[in-house]
Structures are given as C-alpha cells and as structure tokens.
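Dear colleague,

Please find the structure below, for your records and further use. My findings follow directly after it.

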Amino acid sequence: MELFYTMLVPFVIAAVSLYAISRRVDVYTALVHGAGEGLNTLMRIVPSLIALLTAVYMLRASGALELAAHLLAPVLEHLGIPPETVALMLVRPVSGSAALGVGSELISAYGPDSYIGRVAAVMLGSTETTFYTIAVYFGAVGITKTRYAVPAALCADLAGFMAAAWAVRLCFGG
C-alpha cells in the first residue's frame with residue numbers, strides 16, 4: 001500500500017501527459033502557457049494581500065486588538081467563548097499567518113491541553129481566512145463588488161468560533 005501512495009503522483013502526471021499526447025496537445029507549450037497565466041493571476045492578487053497583511057500587523061502593533069478583546073469579553077463569556085481568544089477571532093478572518101501566531105501565543109501561555117488552548121486549535125482548524133480568500137478568489141476573476149459574500153462569510157466564521165468552543169466543551173469539558 002505504501003508503494004501505491006509513493007507512485008500515485010508520478011502516475012497521475014504520466015497519465016495526464018499521455019492523454020494530452022494522445023490528443024496531440026503540445027504538453028510543454030500548455031505547461032508554459034498555464035505558468036504564465038498563474039503569474040498574471042499572482043500579479044493581480046499580490047497588492048490586496050500586501051494591504052491585508054500590513055493592516056493586520058498595524059492593528060497588532062497599535063494595541064487595537066487588545067482593546068477589542070477587553071470590550072468584547074462580556075459578550076463572548078455569555079456565548080461560551082473564552083475571552084482570551086478574541087485576538088484570534090479578530091485576526092483569523094484577515095490573516096492565516098497572524099492567526100497562527102496568535103494561536104501559538106495562546107497555546108504557549110495556557111498550554112495545549114487547556115480549555116483555551118484546545119478552543120484556539122479548533123478555531124484555527126474550523127474557520128477560514130475570509131478576507132484573504134475573498135481577495136484571492138474574487139481578485140482572480142475580477143469581481144470588485146462582494147455584495148453579500150463578506151457578511152455571509154463572517155457569519156460563517158462566527159458560527160465556526162462558537163461551534164469550536166461548544167465542541168471543545170462537549171468533548172473535553174470546560
């Protein structure tokens with residue numbers, strides 16, 4: 001079985017190449033053309049990504065995330081979400097790398113087997129970097145008006161955060 005997994009990717013590459021050759025497609029030219037389109041897509045989305053990451057680092061450095069955590073703590077406690085995870089909840093929709101940093105800080109501070117550490121880990125795994133995803137996918141196809149996509153995605157993130165806290169309480173107690 002291990003040999004199967006080892007050979008799966010080379011087999012798929014060979015099968016696609018053989019199929020393309022049987023259809024008389026110039027595989028190398030198609031590969032180069034696809035790589036060029038990929039670079040064009042990258043050039044369209046990089047400015048949005050740079051702006052998002054800059055905003056996240058500015059929010060963290062200014063102390064705005066800590067202030068938001070302090071202000072939102074009563075509401076979160078009522079919803080059963082640990083207030084210590086506010087920074088993670090605010091950063092996660094914007095930046096995956098910043099969210100991993102915040103999650104790592106929470107796990108280091110409270111421990112990986114603590115309620116807060118487990119909730120942070122489940123939150124990281126059950127939510128999406130909403131604005132990053134919207135910037136990449138909408139930017140790739142040239143959509144500029146997101147209309148209902150952002151509010152719907154943020155509602156899904158909130159549901160994911162609440163479900164993470166609930167699931168950890170259900171499985172591990174809290």
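The accessible surface of the protein amounts to about 11300 Å², and 71% of it belongs to carbon and sulfur atoms; areas come from the Shrake-Rupley method with a 1.4 Å probe, and for residues only the protein chains shown count as cover. This is a predicted model: local features need pLDDT of at least 70 and side-chain atom pairs pLDDT 80 or more, while totals for chains, interfaces and linings use all residues. Residues are numbered from 1 along each chain as its sequence is written, and side-chain values use heavy atoms, without hydrogens and water.

The protein has 8 helices and 0 strands (DSSP runs, H or I of at least four residues for helices and E of at least two for strands, numbered from the N terminus). Its radius of gyration is 21 Å, whereas a compact globule of 174 residues would have one near 16 Å (taken over C-alpha atoms; the rule is 2.2 Å times the number of residues to the power 0.38). The C-alpha atoms fill a box of roughly 65 × 45 × 30 Å along the principal axes.

Of the 174 residues, 28% count as buried (under 20% relative accessible area, 1.4 Å probe, protein chains only). Beyond its neighbours within four places in sequence, Met123 is in contact (heavy atoms within 4.5 Å) with residues including Ile81, Leu88, Met89 and Phe161.

Technical notes. Buried < 20%, exposed > 50% of the residue type's maximum accessible area, 1.4 Å probe, protein only.
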